[in-house]
Amino acid sequence: MRFKNFDYVGASRYFYTFSIILTIAGAICLASLGLDYGVDFRSGSNVDITTSKTLTVEQLEPILKEAGIEEEASITPGNDRVNIRFSQVLTESQDLALKAGIQKLDKSASMEVNTVDPEMAKELGLNAVYAVLLSCVGIIIYVSIRFEWRFAIAAIIALLHDAFVVISLFSIFRLEVNITFIIAILTIIGYSINDTIVIFDRIRENMRFAKLKKHSDLVELVNRSLSQTIARSLYTALSVFIAAFFMLILGGESIQMFSLAIVIGLLFGAYSSIFIASPLWLLLKGKNVGKPKAPKPSKADI
């Protein structure tokens, strides 16, 4: 697959516009709707019920009403499994009443209750933010040492773009955000920076032999570097995308949100590495192309 004649830099203005619109829309949704936090990030109880037959919402509502917890419950039924999420922590008496009511419907049913208190939920939320921020700081340091600060700035903006797009889509479609979602975000950052580093490395290699006298020379160099690496970037993203897609389709409920976040993140990670990171580096670097270097002082001047 070759894209030798495609003007990536010229097309980047349209992709910048698309990303800006998407970012603004995401910010509006996050400000107005927020995120649908799972029990990991908010206090409450999450009850997983394994049954030998299908239980309906109509069958479960009287049990919750009898226990006095029907107003705080969100019921997600399945064929042989039911999930009930409560916004408040269940007391021991409520727990026993719920278990007794379930066993009246299905004697072989088993119930697992996971509880997160307010302090733990707050701590988990802060730790998730710290994990993302620390990973970004580490990437800035690594890229700055291996390449230069302009590469680091461009890479971080592209990574934050990828993470923000995934978060925004989860907010728009009211998808649950839990610990596995944070793991997915960190995984996306890892895949995205890998693609970006490959492209940046090719740009650096081509710069060693290039004679950059004007801005158009740098534009040609970036386009050539992207043409040389785009097949590798697309094939790598596609191979992982296929695995994540089938995990989403065939995997269990516990990893569905993780797989969905990976699928979305891989697509936007490849997109940002090609159309956001490299043109952004060109924007930062292009100001210094063609400027005469300051003459070194001679011995006579010293």
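# Briefing: cores, helix packing and salt bridges

Beyond its neighbours within four places in sequence, Val 143 makes contact with Glu 148, Phe 151, Ala 152, Ile 193 and Ile 197. The model described here is predicted. Val 143 is also one of the residues that touch the most other members of the largest nonpolar core, which has 58 residues. The structure holds 9 salt bridges as well, and several of the residues involved are taken up below.

**Nonpolar cores**

- In the largest nonpolar core, the residues that touch the most other members are Val 143, Val 166, Phe 170, Phe 181, Ile 185, Phe 200 and Trp 281.
- Two or more residues of this core come from each of these elements: helix H1 (8-32), helix H4 (118-146), helix H5 (149-172), helix H6 (179-209), helix H7 (215-250) and helix H8 (256-285).
- The element that gives the most to this core is H8, with 15 residues.
- Another core lies apart from this one; it has 15 residues, including Leu 64, Ile 84, Phe 86 and Leu 90.
- In soluble globular proteins, nonpolar side chains tend to be buried together.

**Ile 199 in helix H6**

- Ile 199 is found in helix H6.
- Ile 199 counts as buried because its relative accessibility is 1%, and buried means under 20%.
- Leaving aside neighbours within four places in sequence, the contacts of Ile 199 are Leu 226, Thr 229, Ser 233, Ser 273, Ile 274 and Ser 278.
- From Ile 199 to Ser 74 the C-alpha distance is 46 Å, and the two are 125 residues apart in sequence.

**Helix packing against H8**

- Two packed helices are described by the angle between their axes and the distance between the axes.
- For H5 and H8, the packing angle is about 145 degrees and the axes are 7 Å apart.
- The crossing of H5 and H8 is right-handed.
- Sorted by class, the residues in the contact of H5 with H8 are 20 nonpolar, 4 polar and 3 charged.
- H1 and H8 cross at roughly 115 degrees, and their axes come within 9 Å.
- H1 and H8 form a left-handed crossing.
- On the H1 side, the residues that meet H8 are Tyr 8, Val 9, Ser 12, Phe 15, Tyr 16, Phe 18, Ser 19 and Leu 22.
- Their counterparts in H8 are Phe 268, Tyr 271, Ile 274, Phe 275, Ile 276, Pro 279, Leu 280 and Leu 282.
- By class, the contact of H1 with H8 holds 14 nonpolar and 2 polar residues, and no charged residues.

**Salt bridges**

- Side chains of opposite charge can pair when their charged atoms come close.
- Arg 150 and Glu 148 form a salt bridge in which the closest N and O atoms are 3.0 Å apart.
- Both partners of this pair, Arg 150 and Glu 148, are buried.
- Another salt bridge joins the side chains of Asp 195 and Arg 232, at 3.1 Å from N to O.
- This pair links distant parts of the chain, with Asp 195 in helix H6 and Arg 232 in helix H7, 37 residues apart.
- Asp 195 is buried because its relative accessible area is 5%, whereas Arg 232 counts as partly exposed at 34% relative accessibility.
- Arg 224 pairs with Glu 220 in a salt bridge whose closest N and O atoms are 3.2 Å apart.
- Helix H7 holds both Arg 224 and Glu 220, which are 4 residues apart, about one turn of the helix.
- Arg 224 is partly exposed at 31% relative accessibility, and Glu 220 is partly exposed at 42%.

- Asp 36 is found in strand S1 (residues 36-37).
- With a relative accessible area of 17%, Asp 36 is buried, since the cut-off for buried is under 20%.
- Leaving aside neighbours within four places in sequence, Asp 36 is in contact with Arg 85, Arg 174, Leu 175, Glu 176 and Val 177.
- Arg 174, one of those contacts, is found in the loop between H5 and strand S6 (176-177).
- Arg 174 is not a glycine, yet its phi is positive, at about 55 degrees.
- At 36% relative accessibility, Arg 174 counts as partly exposed.

How values were computed
Residues numbered from 1 in each chain as written. Predicted model: local features only at pLDDT ≥ 70, side-chain atom pairs only at ≥ 80, totals over all residues. Heavy atoms only, no water. Core = buried A, V, L, I, M, F, W, Y, C linked by side-chain atoms within 4.5 Å. Buried < 20%, exposed > 50% of the residue type's maximum accessible area, 1.4 Å probe, protein only. Contact = heavy atoms within 4.5 Å. Axes fitted to C-alpha atoms, helices over the stretch in contact; angles between N-to-C directions. Left-handed = near helix turned anticlockwise from the far one by under 90°. Nonpolar A, V, L, I, M, F, W, Y, C, P; charged D, E, K, R; others polar. Salt bridge = Lys/Arg side-chain N within 4 Å of Asp/Glu carboxyl O.
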